[in-house]
Amino acid sequence: MKRKASIFLVLLMVMALVVTGCGSAKPAGEAQDPVNEQPKVKVGFVYIGPVTDGGWTEAHENGRKYLVEKLGVETVIRENVPESSECEKVINDMVDQGCNVIFATSFGFMEYVEKAAQNYPDVKFLHCSGFKMADNMGVYFGRMYEPRYLSGVVAGLKTKTNKIGYVAAFEIPEVLRGINAFTMGVRSVNPKATVSVKWTHTWIDAPRAKEAAKALLNEGCDVLAQHQDAPGPQVAAEEKGVWSVGYNMDMTAIAPKAHLTSPVWNWGPYYVAQVQAVMDGTWKAENYWGGMNEGIINLSPLTENAPEGAQEAVDKAKTAILSGENKIWTGPIKDNTGVERVPAGVTLTDEQLTSMDFNWLVEGVIGKVE
Amino acid sequence: MNLISMEGITKTFGRVVANKEIRFQVKHGEIHALLGENGAGKSTLVNMLSGIYTPDSGSIFIRGKAVKLTSPRAALHAGIGMIHQHFKLVEVMTAKENILLGQKSSFFIRDEQLTQKIKEFSHRFQLDVDPNKKVYDMSVGEKQTLEILKVLYRGANILILDEPTAVLTPQETQKLFQIMLKMKEEGCAVIFITHKMNEVLAISDRITVLRKGETVKTVNTGETTTQELAELMVGHPVNLAIKREEATPGKVLLEVKDLIVESEERVKALKGVSFSLAAGEILGVAGVAGSGQKELCEAIAGLYPVKSGEVFFKGENLVGLSPRQIITRGISMSFVPEDRLGMGLVASMDMVDNLILKEYQNQKGLLINRKPAAAKSKNIIQKLEISTPGIHHPIKELSGGNIQKVLLGRELDSNPDLLITAYPVRGLDINVSYKIYELINAEKKKGVAVLFIGEDLDVLLELCDRIMVLCGGEITGILAAKQATKEQLGLLMAGEKNGKREDTELA
Amino acid sequence: MLRMVKRAQMSKTKSTGIRLLAVFLALATAAILIMAMNLNPLEVYGGLFKGAFGSAYRVREVIIKATSLIITSLGIAIAFKMQFWNIGGEGQILMGAFAASCLALNIPDLSRPLLLVLMIIAGMIGGGLWALIPAFFRAQWKTNETIVTLMMNYIALKWVMYLQYGPWKDPLALGFPKIPNFTLNGILPKVLGMHIGWIFAIILVFLVAIFLNHSKKGYEIAVLGESENTALYAGINVKRTIITAIFLSGALCGLTGMIQASALNNTLSIEVSEGIGYTAIITTWLGGLKPVFISLVSVLFAALLQGGSFIQIAFGIPQAAAQLLQGMILFFVLGSEFFIRYKLVVDRPSLGEAKEELEE
């Protein structure tokens, strides 16, 4: 026992020496390429799901590939990073391995990115979908509610039962905006239709998303829309022989008979612009919220499953949005408890759209913010 | 030609050679006893015959043909059936169902025909079994008879009995012997494992003695004596007499009054037991296994809940005291059966840690000082001639005799006033057994009161001053050892109080 | 036919040889997988090592990971020593984290040292009490603790989930289900760039070693683990020993929970336990229930995790493949433990022959 203990002590001391000896030195990441004048850019992507999720993360991964193709920069990725201190660790690891630009692509990463931004002032952080900023931490997102509104138009024309299902993740403004815009799109062409919401409280748990979808189908919904990372609801709709509106990516391949259209992301150009700015030394932290006019978001082409007349209706609505004629959030808008949320003639500002007061569901939605 | 012939059988377990170049032959229609001390390799040998182990080398011939017995089923096909010490019966089924269990049978079982067949078998071998009786209603003797019937029915004509008499009263043993003789008449061969020499001499035709995994000798029963067999088993001459110390009983130390204990299932294990034990006296307890001996010991030591009654030790009632409190009053228990390692000792710990088992609580502070115990260990090793690689060797790796010496050494070292020993020599070599009798006698001489739970009636008669017989949780008699006979004890063990048979089932 | 046969004692050199062979086999097998991904196995293995020990940062990360693992394993070792199969480390971590969080969230203005000490005590009591429930059931009604502790993990998880999605949800998180962060007062300080937990771990290794090997309670736990009858016979108070041991076991897991919540997550969430309660079962077992070995195994395990994390980023290996690699190494090492205890014997199928011969 005594011998074992002494071996252990020696080991500990060695370890302590390693740690203290190098502890005063700068973190390895900052020490990278100290001689090189123009620092090489190494970009890290922190993903919440797998790159093959067929949705959110895959869309970002496509953006990364586009970035590599255009600029030839070195990139690294890490999949399946939970929204916990593990995220902070992954960012630390990436900095340790020399990354100086890091994209973190989930809302729940926000505080860990914020912490890392404080710890590594020389590293540029870009956080997708959040609201916290710093000198070296930018925020980026898209006005997904625009194509969501358009997809609502398609769904509203398609539904026979006038019941549309919506598989949603969390009760955060981003998701609520999507539901509300979608519902307004639906009711712009079909005032009798309702949208039933089921919360999954997960972005990435595909089986749970599918369960929620099945529950909605059993309630009689014949079109499913979704706000998840992966296409679980599309699969459920396909199996049941009804229709669906995807999200993130064009989901035709996954549900060829069910898929109508999808609001989609196109991150590539934005990533290229940001990294180019870093390389040029012109990068500044900004709060980017791009619309359809800037190409970061769009509606995927309507499939042959889409109803007759949908294309024309979508085109018309799209023109109205792009021209600024339809700002979507212009009153009067009532919530689903009858309270008027936006008075006639008033349009919600970006601040209002992203604030915590945006916690209501528009008239026509069956469900509540839990 | 020999019915069974085993040639050059060797079997090793790790580094332990259990059987080495064994030669063993059994003839048609004979009762062949396999004699040897614990660890001599008897069980290993018959387990190879019954297909449980396969030999590392050597060959087995049955009726002159080489066979490989790879499973109990294969052995049964070869006509070999084994009756284990622990019966392999399903308690909730009837005798008939147990017999049929696991047998290939046609889809529809023709009940009457089967009952008839079983009856024929019973009759032929004089096996008294009621086919429709549930096993849980049977006595130990009946269960054993059923086991025998079961293997015979399944086609065995060579029967192996592993220590069959350990659980039987002398009367039941006689009955078993009758069955064995009948089987011999019918042309079956019986292999009979035991370490009780008087039984061997009473029933067998030939005896093969094993020692340390090797065949020592095969002798004809008529041409040998107890003394010779003992010497063959041990390997050197032994003195088989227990020297009884003259009893000089002092004042009564232990008085048990109307002790009643109940098991968790509310079965009364002791039904009002009363006796007294004086200093300097050995009180033997005889009885068929499971008659309440274990419960009696544990109740005195505070380990078994007492329903009613009193246990006075030096005038103080122990009932209700914790085991700890009882230990501090000088009651020591060397408790054996299979539980030498399961109760008295901690198997995987070394000798030092086992010696402190009962005294560490007397030490001051939160930590344990093991130094005194280490010194004591060395002392006890020397005094009791314990063979062990060292005081820090796990005791479970010691032989049974050495384990018992560790236990007894610890208990005697605490200088008890009352020593309770239950089956202290079970499974031990003759040499060690006699050493232990000596130690117990020495305690008696010192004025210690000894409660001795035994199974070998000869030993009880020689060692004890008085013998108390338990049957079904009751005392059926307390006899002075000098005047008692085995027959008397046997009757009492079977439940006959003062010569009258008591119907225990109704009681 | 293949049969398992229990081995007799095996020599130290031979068993060490088998373990080394197992690691080698694991690496060799995994090499095939790595080559299938068009990577050089030697480089990846180098990366695995470099990723764990290649820089001060990485060593610190290993130690941080090992800290929680060591403390939890020590707790589990105490229970296992008594043959109480505490599979509930996960739940005890969560409840320890919960108890500590109660203080951190409700009295954030207490002075930092005082608040932290109180949180440590609360965490240990939280984990300890949570473990006491199955211990009480076992002592009183002899329930199977394996199942009860396992099931209680889910109860603990759902409880924290309820808090996170319900009453404790941060109103400032825009509806995102998260509990507010602790103030600085509720966060463990750092020593040498690592949270102070590593010092706790070192101290605890020695304390638990002394407790198990040299204290009366530790001795009683070992005796009771071996046989309840022996414990009764020796006059040990069985119920009290079970309660004490399991409270300590749960308390150490609860301490891990406090550390995870305070130092790493800075708040309570359903993710704080990170599966440590389960991983610790493996490290405890591989460490042979001996505190010093447990800490060594935990460090190695943490290195494997950290190295695995490194190669994912450095070589772009998908997470599933990296986990497969870790799993393979673990599988072979655990498998070797089986071969150290058992050997396989091939029986020639000769039963048929014997039967035919006899039936003639």
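In chain C of this predicted model, residues 24 or more positions apart make up 78% of the contacts with a separation of 6 or more. The chain comprises 360 residues, of which 52% count as buried. Its secondary structure consists of 14 helices and four strands, and the C-alpha trace spans about 90 × 65 × 40 Å along its principal axes.

One helix pair in chain C was examined in detail. Helix 8 (residues 216-226) of chain C and helix 10 (residues 238-265) of chain C have axes that come within 10 Å and cross at roughly 110°. The two helices of chain C are therefore roughly perpendicular to each other, since angles of 65 to 115 degrees are classed in this way. On the side of helix 8 of chain C, the contact involves C:Lys217, C:Glu220, C:Ile221 and C:Leu224; these residues meet C:Val238, C:Thr241, C:Thr244 and C:Ala245 of helix 10 of chain C. By class, the residues of this contact comprise four nonpolar, two polar and two charged.

A helix pair in chain B has another geometry. Helix 13 (residues 400-413) of chain B packs with helix 14 (residues 430-445) of chain B at an angle of about 10°, and the axes are 11 Å apart. This angle makes helix 13 of chain B roughly parallel to helix 14 of chain B, as angles under 35 degrees are so classed. Helix 13 of chain B contributes B:Gly401, B:Gln404, B:Leu408 and B:Leu412, which meet B:Val432, B:Ile436, B:Leu439 and B:Glu443 in helix 14 of chain B. Five nonpolar, two polar and one charged residues form this contact.

Elsewhere in chain B, B:Ile80 lies in strand 6 (residues 80-83) of chain B. B:Ile80 counts as buried because 27 C-beta neighbours lie inside 10 Å, the criterion being 20 or more. Apart from neighbours within four places in sequence, the contacts of B:Ile80 are with B:Leu49, B:Ser50, B:Ala75, B:Ala156, B:Ile158 and B:Ile160. B:Val92, by contrast, is 12 residues from B:Ile80 along the chain, and the C-alpha atoms of the two residues are separated by 26 Å.

Confidence in chain B averages a pLDDT of 83, with 94% of the residues scoring at least 70. Among the elements of this chain, the highest mean pLDDT, 93, belongs to strand 13 (residues 282-286) of chain B, and the lowest, 43, to strand 22 (residues 500-501) of chain B. Residues 499-507 of chain B have a pLDDT below 50, and this stretch has 10 contacts in the model beyond near neighbours in sequence.

Chain A is divided into domain 1 (38-142 + 267-294) and domain 2 (145-262 + 300-366), and the C-alpha centres of these domains of chain A lie 28 Å apart. Across the boundary, 17 residues of domain 1 of chain A are in contact with 18 residues of domain 2 of chain A. On the domain 1 side, helix 3 (residues 56-71) of chain A gives the most, with four residues. That side has seven nonpolar, eight polar and two charged residues.

The mean pLDDT of chain A is 88, and 89% of the residues score at least 70. Confidence in chain A is highest in strand 3 (residues 101-104) of chain A, at a mean of 97, and lowest in helix 2 (residues 28-31) of chain A, at 41. The pLDDT is below 50 over residues 12-37 of chain A, a stretch with 32 contacts in the model beyond near neighbours in sequence.

Conventions:
Residues are numbered from 1 along each chain as its sequence is written. Chains are lettered from A and ligands numbered from 1 in the order in which they are written. This is a predicted model: local features need pLDDT of at least 70, side-chain atom pairs count only at pLDDT 80 or more; totals for chains, interfaces and linings use all residues. Axes are lines fitted to C-alpha atoms, for helices over the stretch in contact, and angles run from 0 to 180 degrees between N-to-C directions. Angles under 35 degrees count as roughly parallel, over 145 as roughly antiparallel, 65 to 115 as roughly perpendicular and the rest as oblique. Two residues are in contact if their C-beta atoms, placed from the backbone, lie within 7 Å. Ala, Val, Leu, Ile, Met, Phe, Trp, Tyr, Cys and Pro count as nonpolar, Asp, Glu, Lys and Arg as charged, and the others, Gly among them, as polar. Domain bounds come from an automatic or database domain assignment. A residue is buried if 20 or more other C-beta atoms lie within 10 Å of its own, exposed if 12 or fewer, and partly exposed in between; C-beta atoms are placed from the backbone. pLDDT is the predictor's confidence in each residue, from 0 to 100.
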